[in-house]
Amino acid sequence: MATVLEKKKVTRPQVRQTQCFIGGKWIPAASGKTFETIHPATEEVIAEVAEGDKEDIDAAVEAAREQFDGGEWSKMDARDRGILMNKLADLIEQEADELAALETLDNGKPIRDARAADIPLVIDTLRYYAGWADKIQGHTIPVRGEYFTYTRREPVGVVGQIIPWNFPALMVAWKWGPALATGCTIVMKPAEQTPLTCLRMARLAQKAGIPDGVINVVPGYGPTAGAALVKHRGVDKIAFTGEGGTAKIIQREALETMKRCTFELGGKSPNIIFADADMEAAVEGAHFGLYFNQGQCCCAGSRLFVEERVHDEFVDRLKEKNRQRKIGDPFDPETEQGPQVDKAQFDKILKYIDIGKQEGAKLVTGGKRHGEEGYFIEPTLFTGVKDEMKIATDEIFGPVMSVLKFKNINEIADRANRTNYGLAAAVWTRDIAKAHKMAAKLRAGTVWVNCYDVFDAGAPFGGFKESGLGRELGEAGLANYTELKTVTVSLS
Ligand code: ADP
């Protein structure tokens, strides 16, 4: 897998698909409107993209509905669906370099991350779910009386999928994988900041032979195109990744038609360093766990709890790592940190840095813009952070780390759990009993022990509390794409 993504000189990708993809055709928005997508490192306009709205969503849902209700997709043998999904993964692998570059152009993430993480994980996720296509089974149930009762797992139908901008291509794979494996059809609305890789993947899906109408993509804004998808009576389920506030709006709207909903939302994940941890590995994990992807990860380890005994030494080492972090042109294969995705995020993060200073936290590194062009922010480190400060409670979604001290295991689980979020957590220790005790106590959908941000297509991911509803990835990720049907046959 990694072989296709070796370090090479990067050529700027061509932007090819910028229209809506509906029923297998590339068409402009019905209104004729377009919106700009920019390269966040230079703020230059990359492309004008069709701005879909209700009319385009209606057409896309109609195409998806037609394909689901009577098209080839619903009649196809499950194993053949898996074969087509594998073909899509193969085509993505063939274009991996170009897709990685397109992701860097649209999102601003370093090319080395797009090549080493995003695109390989896209391929892996699609292959993983391709393997599930013919393994989705029901049960036989021993009921009372002369009856034969069994269950079938049937596709939920037309699914509306709304995704964010932080891992644009990967979010496509997380959403398409289980939907295609179960035999659903799709209307996807990518984030307005980053529509390009999703559109490119739709072209590859068609080339792979996935029938027209199975995958439809309508780029556009949330309150227009996104809201139209959520309200549409022809849509059976919404899968959403984004902010909690948006999820609550969607949940209310979706209630009207009793749509199934799954949500993957934000976090303020505790990363807990015990004094008996392997310090070098823990410093590396703390740094990576927060600054990876410019801090734009829903599971970022943004509350770094360090045991008092090792606190000062740990902070010194973090400071040094931040100083060495290479920030700049995301197309340079050496770059570790690129720009934030857009001006709104950039402004929001700088505001939080000001809040941190006003709240009395100590600014140890960073704290301001890097350079004069693009949305770059220096890797920022605050110490002396208290549990109730806004920088310790709010999701900042940027390269801003808050370090908090703790005394011992008795106090730390409660403090770590004192948040409305519950997406992820990590524990660093050499004491295996302590690690498992903490893993059981932490109220989070994922707990990493002596590692951070380790993802696998087979390992379920999702949030406790306000971090989400339902799980993605793994077998658990299939559950919300199927309806359970019970069939009872009289044997008398
Ligand atoms: P983020 O901060 O990651 O942009 P959002 O929740 O605003 O989080 O956006 C995630 C996705 O949700 C994007 O594709 C966005 O266009 C979409 N979105 C935003 N508002 C709505 C809405 N009211 N209804 C449906 N989708 C929305």
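**Salt bridges and their surroundings**

R323 counts as exposed, with a relative accessibility of 57%; here exposed means over 50% relative accessible area, buried under 20%, and partly exposed in between, with a 1.4 Å probe and protein chains only. This is a predicted model, in which local features need pLDDT of at least 70 and side-chain atom pairs count only at pLDDT 80 or more, while totals for chains, interfaces and linings use all residues. Residues are numbered from 1 along each chain as its sequence is written, and side-chain values use heavy atoms, leaving out hydrogens and water.

The partner of R323 is E320, at 3.6 Å from N to O. By salt bridge I mean a side-chain nitrogen of Lys or Arg within 4 Å of a carboxyl oxygen of Asp or Glu. E320 is partly exposed at 37%.

Within it, R16 and E98 have their closest N and O atoms 3.9 Å apart. R16 lies in the segment before β1 (20-22) and E98 in helix α4 (residues 96-107), so this pair ties together parts 82 residues apart in sequence. R16 is partly exposed at 41%, and E98 is partly exposed at 27%.

What is the distance between the closest N and O atoms of E192 and K189? That distance is 3.5 Å. K189 is buried at 1% relative accessibility, whereas E192 is partly exposed at 24%.

Across the whole structure, the search finds 34 salt bridges.

Methods. Helices (H or I, at least four residues) and strands (E, at least two) are DSSP runs, numbered from the N terminus.
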